[in-house]
There are 2 protein chains.
Amino acid sequence: MTTNSMIQFAADGSCRLSSPTQMPLASAYLWNQKMMVQYNCRGYVTSQFMQPEPAKYSTGPNIEATTFMQPEQPYFSHYPGRFFYLNDVTDQRLYSVPYEPCRVQAQHFEMRCYDRSIQWLIRYGEVEIELTTWLGDDEVVEYWSCQLTNLSAQAKQLKLTPYFTVGYMSWMNQQGDFDAALNTIICQKVTPYQKVEQYFANQHLAEKTFLWADHVPDSWQVNQAGFEGEGGLHNPTALTQAELPRQPAIYQTPVAAMQYAIELAPGQRSECYLFAFGAAKTTAEISKRRQQWANAKAPAIDVSANNQVPFKVTMPSSWLSHQVNHWLFRQVRYHGESNRLTTDPQTRNFLQDALGYCFVAPSQCRSRIITALSQQLSSGQMPDGVLLHPDAKLKYINQVPHTDHCVWLPMLVETYLQETNDYQLLNELVPYADSDQVDSVQNHICGAMDWLDSERDERGLSYIAQGDWCDPMNMVGYQGKGVSAWLTIASGYACQLWANLLAKASQMQLSERYQHLASSFRASFNQHCWDGDWYLRGISDDGTAFGRTADQEGRIFLNPQSFALLAGAADAQQKHCIIAAVKQHLATPYGLQMLAPAFTHMHEHIGRVTQKFSGSAENGSVYNHAAAFYVYALYLAGEGDLAFEYLQQMFPTDCDEDLLRRGQLPVFVPNYYRGAYERYPEHAGRSSQLFNTGSAAWIHRIIVQCLFGFVGNQQGVQLAPQLPSDWQSARLVRKFRGAHFDIHYQRSEEVTAMTLVSSEAEILDQQIIAIEAGKHYQIEVLLPR
Amino acid sequence: MTTNSMIQFAADGSCRLSSPTQMPLASAYLWNQKMMVQYNCRGYVTSQFMQPEPAKYSTGPNIEATTFMQPEQPYFSHYPGRFFYLNDVTDQRLYSVPYEPCRVQAQHFEMRCYDRSIQWLIRYGEVEIELTTWLGDDEVVEYWSCQLTNLSAQAKQLKLTPYFTVGYMSWMNQQGDFDAALNTIICQKVTPYQKVEQYFANQHLAEKTFLWADHVPDSWQVNQAGFEGEGGLHNPTALTQAELPRQPAIYQTPVAAMQYAIELAPGQRSECYLFAFGAAKTTAEISKRRQQWANAKAPAIDVSANNQVPFKVTMPSSWLSHQVNHWLFRQVRYHGESNRLTTDPQTRNFLQDALGYCFVAPSQCRSRIITALSQQLSSGQMPDGVLLHPDAKLKYINQVPHTDHCVWLPMLVETYLQETNDYQLLNELVPYADSDQVDSVQNHICGAMDWLDSERDERGLSYIAQGDWCDPMNMVGYQGKGVSAWLTIASGYACQLWANLLAKASQMQLSERYQHLASSFRASFNQHCWDGDWYLRGISDDGTAFGRTADQEGRIFLNPQSFALLAGAADAQQKHCIIAAVKQHLATPYGLQMLAPAFTHMHEHIGRVTQKFSGSAENGSVYNHAAAFYVYALYLAGEGDLAFEYLQQMFPTDCDEDLLRRGQLPVFVPNYYRGAYERYPEHAGRSSQLFNTGSAAWIHRIIVQCLFGFVGNQQGVQLAPQLPSDWQSARLVRKFRGAHFDIHYQRSEEVTAMTLVSSEAEILDQQIIAIEAGKHYQIEVLLPR
């Protein structure tokens, strides 16, 4: 346990929050193959399932716009929730568990986040309520169990009323009723449509929301307005009466509420009430699934037991160790398994989520590389999104042309090869999206690099079109002239990586070609994009450079600097300047801003990013994905201590005051923290609350490969740790190529250079070679002080 | 005054509601050329303005879907509102005016609806609050004035806190602050977009929401969450403190709240606090408009004073007289002036709203006929929507082909010619949408009738494609074979009307042609659509007839019967059958259902209507627009007493119990009342709360032309009233062709046939001829008992 008072990690890795009001936005998430649910600590719940597009079975009380998952989702009293009202009939008090909507301060509040379940332990009026939720495997169902204990010396008469939001979908198509035969509240809606073809497209949709219970309720209510009455959600009229009114929802907004009268003797513990809530297509399906629901048991709560791939670090900070072992690794799995609940992940995201998945499930990562390349055009261009379902279409931002997707391929393939040494991948034959021709993975990637080469202006700078990484820079080059400094040097980096991989695959001639291409990108970048103290971000259609010393807003962007370091474009002097400039202009107590000073108004030659207010993901925020690249670059440049400083900032902090400010349960790295520190210091650092982020994959890679220095190669593993100089010891346990590694890092007076010691492993220089699958390797790494 | 206890009409025509909780959905509306606002009695407000598409400056707390105006809009605590919190500091009590969100029962509650303003008179804790709202002329601004009176014998310390919802638009683009120089809270958002071209399209959008006040507040708050705190909207944390926290909204959901400390001696009346709330593009614009706001005064409250066109009926029921004089006529004006706040009204709606507008502003009605015809295709086909703005596009249901739009032209032109005798219209030259050719209005309409003729199958029945009137019958004929019985006979009726008009225009040969065409439609209809006791509704692509005696659901549809009567298709025996069948199957205590029994599940050969749940507008509801046609047909068939029975049902009732059930302030005729009476009697009769409806125009026409029998013709006016047989007297005052008519209807023992008496008017048979503009005509109509 840490000593932190508001949030604690238990020995089993679970995270515990002790107050819903100090951190009102704190949330955690669960997922399975078909759905994702985000649980706010107060009882609000955001749930989505795939059919194949993300759909909802529980919504707000008005027609919601269909949109991608939102950061900083604002909650309000009628936000979808799972509330367990508790009437203490004896004391005539009304409570709600976990907290909303009655908002009564509990005698005890504890929210426990496990890998596969979430639990609240609440005490109100000397009654303890244990509320647990988890998801079914591969089906759209949330399970909720609730058990009460009378801690008082008196007998208690209680009424427990679980209230599950169904919500409003269409004025003409909503109703619901209690089905006594199934002991289930079933609500139905019909998705509105106008064109005939939409009817046929909608036919497969699961449009019934159900709440099944294992106990027969004493009374129930499906009409939302009838439940609430004039009392309001915080004091519903229906709960002031002896029983719920038993009203169906006829053409009205439905809710699923059931009521149980429970008498508990002093010290008595109630039966456990089990509920299943989710989406179904037919009543027959609900009837059939009931048996499965009745047998549901909460999953084992030991986090590591649920983790199929042994992975564990031990670091001086137990806080950070918990973060990395349980929650970051879980986030990497989530991205790999769920593809962010989209059928058309942006190609960039898809490739990076796969990069993280290399460390969890290399064979699935391999098939994702092939999926992505099979959607490449024969011109070499990668599509804006990767379609994962036959009915999927490119949506939202994926309908806007972006020019950077090819860049991410070599980074993914490099990671995959480091992890697997599976160079056979390069010979796999894969089709193109627009031709019957099949081609090797190697040729596909060469094509991608050649496409990057072809999309350059006369100066050798890369066209940006309507955007590159950092979507909303959409007006720099929409006329076909504007260029991206970042994309130029990212292309250089990609070509360099690719050349290196080709060399390892003994394709020396090809390697030289991409080596040469990398040089050409670097040269153009250095010739046109160095601004004296750092690199520009780009030059717009009308020839205006931006990200310059002379700019009042958006003076410096992080990404061109990171990739300049990665690509080896910056010489020693430039590197020195960059590191100083980043520290001076972008570093904040809450992490590295992606650009600064944040834009405050529209700059028409740049576009949307400048119209997004200060602190949004792409405008002056601490955008973790961008920050991760800079940290990675610093490690590759041997700046381990500085890198670690920035690395730590990406994680939810272990400082109470900062936790309050960031408002986040530390069970995931958010896509951003608010920035604009120089402008709004009191708002900076706040978490976006969004766990979809490419940074998860990269931070995991950085920890394994840079901090612990565990990098696979063709011989085995190169160990080149860059532990912070004040660390005396550390430990890394991981599975790698089927073998089990347990590596102890130890500072030692007795060595002057890193020394590997192992009785099992074959060691050559600083490598472990001849690794055998199934074997356990115990390694001592002695590090000079 | 009526004696009704919950709702009363005052002498000035205003409507007064005395309880917000008995009729929680009761609402009224105001509009100007640029905006429309619907006010719920409890303080919730739905506002829209045109730029050119309908936009909002005050929304809910999550991303709302963009949709057309919804019937039966469900309210919830965070629904957009204008709340005036009142802290009685002396008594330590918190109230909110009008009612939400504190929901404290007032000592006195009165909501007064005037033609151009709405007022609440509320008493809480011996403080009287007078709250008045009205709209600016031609600008997007709501004015609110608030004045307090201390009715107690003690001095009162009060805090008044107006709270105006701004709402959530985008996670990345919202902020707001108090501008002390302008004494205005200004909140700004940026409409999210993804493609570059959208940026340029959005550039003209007014994206600032402002709240200006004439008094400098003591404190203010713009951060919504900071206002609410843990207390919740019904008991905001910020109101438990001495002052509002003065927080801007930085990247958070904004609200516009100001606070005033007010001390009132016993009996003292406070100053009047004035607020302007609305949308603007720039701060400079707000600054400039302030002067205008400061001078704003609530409009005169006398309803008739605001009515430029004298119109008044006197009937035995003062309730019904008020309905017709003030609120129905106002609703007709609203439709004519606002076009339902859309830039692409459905052609059918546009033509019928113009039909009502004939009685208000004939010259504007004329130009609408020309606008509509200028968008006709040279094939004669009318488009699915009429575009009213250069940037307008066909949206929503207007993208789905419907086949009935041509049918409505002769009804509109007939009404226009009855009102104006302006046969010159028929010679006006109007272009087509798809050719440079111009053609006379007469030829345009001939073309429309010919197009109807051309769209028939070998039986002479009209193809329905993806729908006709009654939009959601979208799968009857999408394969190109299904036919509509209603459209067949509606086409017959249209051709008959057109033939009659051509005869009056002395186009005898053409008239004969359309006479003949009308016969042909009637013959086909009678041959294929009579089902023994009534007419079918249609025959689907696969040859299945529906709307048949043999059907379990959707056995009988009202519209084919109405139009069979109108078109003279039904012989005496058939007419008798129809009237009996409608009474037996469609009549309910709450009006005539459009079809019965309501569908309960999808019937794939019919489509969407069957998927809409029982009681929705098109499925088994009392759809006033459809009911109006049946009433009109009964009048034309001389069934005045029965017609009047059904006519009355379309209006909000004057019976307390029914008002409760229908939940409606009687200031408009809704588009529907819930039906499915046989299935859900306890839900039937409830108002849709939506005042957009073609029935307003038709009910007005029926009252003028059928009930009072005032029908213009080429000589002047034909008087052929069908007053209910138990009426002893009635009166109609109206402007017609520039003259002023005041007609007294009186039952008299002394006449055996209707007798007209007038000292000013020239009377021929039952006509008033040789009408002179500017003249006043006093007419006595003596009716036999």
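Let us begin with a sheet in chain B, where four strands lie in the order 3-4-5-6 to form an open sheet whose pairing is antiparallel; two strands are said to pair if DSSP finds at least two bridges between them, and helices (H or I, at least four residues) and strands (E, at least two) are DSSP runs numbered from the N terminus. At the edges stand strand 3 (27–31) and strand 6 (54–55) of chain B, each with a single partner strand, so one side of each has no neighbour in the sheet. Before I go on, please keep in mind that this is a predicted model, in which local features need pLDDT of at least 70 and side-chain atom pairs count only at pLDDT 80 or more, while totals for chains, interfaces and linings use all residues. Residues are numbered from 1 along each chain as its sequence is written, chains are lettered from A and ligands numbered from 1 in the order in which they are written, and side-chain values use heavy atoms, with hydrogens and water left out.

Within this sheet, strand 4 (residues 35–40) and strand 5 (residues 45–50) of chain B pair in the antiparallel sense over five bridges, and Tyr39(B) stands opposite Val45(B) in strand 5 of chain B. Helix 4 of chain B packs on the sheet, where it touches strand 3 and strand 4 of chain B, and its direction makes about 45 degrees with that of strand 3 of chain B; here contact means heavy atoms within 4.5 Å, and axes are lines fitted to C-alpha atoms, for helices over the stretch in contact, with angles running from 0 to 180 degrees between N-to-C directions.

How do the axes of helix 4 (residues 318–338) and helix 5 (residues 347–357) of chain B cross? They come within 8 Å and cross at roughly 125 degrees. That makes helix 4 of chain B oblique to helix 5 of chain B, given that angles under 35 degrees count as roughly parallel, over 145 as roughly antiparallel, 65 to 115 as roughly perpendicular and the rest as oblique. On the helix 4 side of chain B, the residues that meet helix 5 of chain B include Val332(B) and Arg333(B), and on the helix 5 side they include Asp353(B) and Tyr357(B).

Another pair, helix 11 (residues 558–566) and helix 12 (residues 572–586) of chain B, packs at an angle of about 150 degrees with the axes 11 Å apart. Helix 11 and helix 12 of chain B are therefore roughly antiparallel to each other. Among the residues making the contact are Leu558(B) and Leu565(B) of helix 11 of chain B, together with Ile578(B) and Val582(B) of helix 12 of chain B.

There is also a sheet of five strands in chain B, open and with mixed pairing, in the order 21-36-37-41-38. Its edges are strand 21 (311–314) and strand 38 (755–757) of chain B, each with a single partner strand, so one side of each is left without a neighbour in the sheet. From one strand to the next, the twist averages 20 degrees. Strand 38 and strand 41 (residues 776–784) of chain B pair in the antiparallel sense over three bridges, and Val757(B) stands opposite Glu780(B) in strand 41 of chain B.

Finally, the two chains. Chain B can be laid on chain A with an RMSD of 0.1 Å by a turn of 180 degrees and a shift of 0.0 Å along the axis, which is the relation of a two-fold axis; copies are superposed by least squares on the C-alpha atoms of residues with pLDDT of at least 70 in both. Of the residues of chain B, Ala65(B) comes closest to the rotation axis, at 1.9 Å (C-alpha). Because 99% of the interface residues of chain B are also interface residues in chain A, the copies meet through the same surface.
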